[in-house]
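I opened a new notebook page for this structure. My entries below follow the order in which I looked things up.

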Amino acid sequence: MERAHKLVGALSGERSRWTDTVENVHEQFKLLPGDCVLAAGMVSYMGAFGVADRQELQKKWVAALDTKKIQRSAQFTLKEILGDPDKIRHWAICELPDDLVSIEN
């Protein structure tokens, strides 16, 4: 019984961490529609463009989302939405380019 009380006491700190995590997930969920629109547009249209053109298109799409009052991440990147950190790290280990355009492509 003493061990159970110690365990419950030790896990009480986890409650606040889990509460914070749940709040963070709820906030991210609100941003999902706008982030998905941006990601879909980037995947569909931006492959052939360079950095400057990609940034310009993204600015226009962000402005359109803002006009429609569709929530999105303040600092959207395709890498953050669709990227797999393990795969990206593996590409770097294999000496593939690790600039943002290469990762997005």
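**Entry 1**

I began with Glu95, which is exposed, with a relative accessible area of 74%. The cut-off for exposed is over 50%. I keep in mind that this is a predicted model. I then looked up where Glu95 sits: in the loop between helix H4 (85-93) and helix H5 (100-104). Glu95 has a positive phi of about 65 degrees, although it is not a glycine.

I turned to Lys69 next. Lys69 is not a glycine, yet its phi is positive, at about 60 degrees. I found Lys69 in the loop between H2 and H3. Is Lys69 buried or exposed? Its relative accessibility is 71%, so Lys69 counts as exposed.

**Entry 2: Thr77**

I stayed with the stretch between H2 and helix H3 (78-82), because its loop also holds Thr77. I noted a relative accessibility of 24% for Thr77, so this residue counts as partly exposed. Ser12 and Thr77 are 65 residues apart along the chain, and 36 Å separates their C-alpha atoms.

**Entry 3: H1 against H2**

I wanted two values here, since packed helices are described by the angle between their axes and the distance between the axes. Helix H1 covers residues 2-45 and helix H2 covers residues 51-67. They pack at an angle of about 150 degrees, and their axes are 11 Å apart. That angle makes H1 roughly antiparallel to H2. I recorded the crossing of H1 and H2 as right-handed.

Which residues meet there? From H1 I listed Gly34, Val37, Leu38, Gly41, Met42 and Tyr45. From H2 I listed Gln58, Trp61, Val62 and Leu65. I sorted the residues of this contact into seven nonpolar, three polar and no charged.

**Entry 4: the nonpolar core**

I looked up the largest nonpolar core, which has eight residues in all. Its members are Leu38, Ala39, Met42, Met46, Val62, Leu65, Phe76 and Leu78. H1 and H2 each supply at least two residues of this core. Which element gives the largest share? H1 does, with three residues.

Leaving out residues up to four places away in sequence, Met46 touches Gly41, Arg54, Leu57, Gln58 and Trp61. I had already met Gly41, Gln58 and Trp61 in the contact of H1 with H2.

Conventions: Residues numbered from 1 in each chain as written. Predicted model: local features only at pLDDT ≥ 70, side-chain atom pairs only at ≥ 80, totals over all residues. Heavy atoms only, no water. Axes fitted to C-alpha atoms, helices over the stretch in contact; angles between N-to-C directions. Helix = DSSP H or I, 4+ residues; strand = E, 2+ residues; numbered from the N terminus. Parallel < 35°, antiparallel > 145°, perpendicular 65-115°, else oblique. Left-handed = near helix turned anticlockwise from the far one by under 90°. Contact = heavy atoms within 4.5 Å. Nonpolar A, V, L, I, M, F, W, Y, C, P; charged D, E, K, R; others polar. Core = buried A, V, L, I, M, F, W, Y, C linked by side-chain atoms within 4.5 Å. Buried < 20%, exposed > 50% of the residue type's maximum accessible area, 1.4 Å probe, protein only.
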